[in-house]
Amino acid sequence: MKMLIKTVALSSLLVATSLYAAEAAKIVDINAKVTDAARIAKEDLGAKKEVTEEALGLRKTDLYKETDDTAGNKTDYSRPAPGASTKFERAYVNAPPMIPHSVDGLLPITKGNNQCIGCHMPAEAKAMGLGATPIPPSHMTNYRPTTIMKDGEELKEGKVVGPKGDIGNVGDIKLVKPKKLDTLYPGRFNCSQCHAPQSKGDTVVGNTFKGDFKSDAEKSHSNLIDVMNEGVK
Ligand code: HEC
Ligand code: HEC
């Protein structure tokens, strides 16, 4: 009976996914397929009596020869255009979200050409009405300690740095006063330094990592600015 309920739930989920695949508001779990229990059990070398050399590596072919059956994983970055894609669930709390749409013609980001901000800056994201997630407040904040030179000494957050100073080095500053800006912090300009597009393809091994979320909201949004100093004294 339990089995049957599971199957029914799964098939209705599949129908729902295909029906609303284009709906931007829906969030897809990209790890759903790779955490399949049967696959994990099959790949678990510890559960096997005998482990062949071929099974040891990720490539599952003869380790001593590069033959035709040894092929690298293909990458395929073709994805729907911005506005037509479906957002992915966050990998863990406050992970930088993956880019779910095509980045054709958008990369590389250069000093004079950053189209990402044209759609993702909060005002633009709202005005365009495409459903682009606004760049979060953490990206409009300068977390670097204020550094000045005074009487030949280096001061960070008002503290003298050096062997005879208040602090040894910048790492001794645990809490920095965040400086809110009304524009993008320059250190966040190169979006693709942290946000990556997704390649369509299977993983070489199943993924057993599951992020823990305190709430469902954290699966589709970040709140780093509110929890930045959690647990830090
Ligand atoms: C034409 C407007 C447009 C441009 C240009 C654009 N995006 Fe997007 N972006 C969107 C929309 C709309 C979505 C929501 C998903 C969808 O509907 O495709 C999105 C989704 C995203 C997400 C996922 C956010 C989440 O909540 O999961 C990230 C990350 C992202 N974009 C980053 C980028 C980066 C980086 C660039 C530049 C390389 C870029 N985008 C350029 C419109 C745009
Ligand atoms: C230094 C790394 C870094 C850079 C550069 C960066 N981001 Fe992020 N981004 C993050 C991280 C980490 C998060 C999740 C935590 C947070 O909100 O700060 C995030 C979150 C986001 C979100 C999700 C907001 C939400 O409400 O859930 C969007 C959209 C986004 N970034 C867009 C961009 C765009 C567009 C750029 C380029 C202008 C950019 N980011 C540059 C690391 C970065």
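Reply: Gladly, and please keep in mind that this is a predicted model. A shell can be read by asking which element supplies its residues, and around ligand 2 the largest share, 3 residues, comes from helix α4, which spans residues 115-120.

Me: Which residues come nearest to ligand 2, and of how many around it?

Reply: The shell of ligand 2 holds 22 residues, of which P96, S138, C191, C194 and S222 come nearest. Sorted by class, this shell consists of 11 nonpolar, 10 polar and 1 charged residues.

Me: Which element gives the largest share of the shell around ligand 1?

Reply: Here too one looks for the main contributor, and for ligand 1 the largest share is again from α4, with 5 residues. In total 25 residues surround ligand 1, and the closest are P82, S85, C116, C119 and T133. The classes in this shell are 14 nonpolar, 10 polar and 1 charged.

Me: How many helices and strands does the chain have, and in what order do they run?

Reply: A fold is read from the N terminus onward; the chain has 6 helices and 7 strands, and its elements follow one another as α-β-α-α-β-α-α-β-β-β-β-β-α.

Me: What share of the residues is buried, and what share of the contacts joins residues 24 or more positions apart?

Reply: Burial is judged by counting neighbours, with 20 or more other C-beta atoms within 10 Å as the cut-off for a buried residue, and by that criterion 6% of the 233 residues in the chain are buried. Among contacts with a separation of 6 or more, 63% involve residues 24 or more positions apart.

Key: Residues are numbered from 1 along each chain as its sequence is written. Chains are lettered from A and ligands numbered from 1 in the order in which they are written. This is a predicted model: local features need pLDDT of at least 70, side-chain atom pairs count only at pLDDT 80 or more; totals for chains, interfaces and linings use all residues. Helices (H or I, at least four residues) and strands (E, at least two) are DSSP runs, numbered from the N terminus. A residue is buried if 20 or more other C-beta atoms lie within 10 Å of its own, exposed if 12 or fewer, and partly exposed in between; C-beta atoms are placed from the backbone. Two residues are in contact if their C-beta atoms, placed from the backbone, lie within 7 Å. A residue is near a molecule or strand if its C-beta atom, placed from the backbone, lies within 6 Å of it. Ala, Val, Leu, Ile, Met, Phe, Trp, Tyr, Cys and Pro count as nonpolar, Asp, Glu, Lys and Arg as charged, and the others, Gly among them, as polar.
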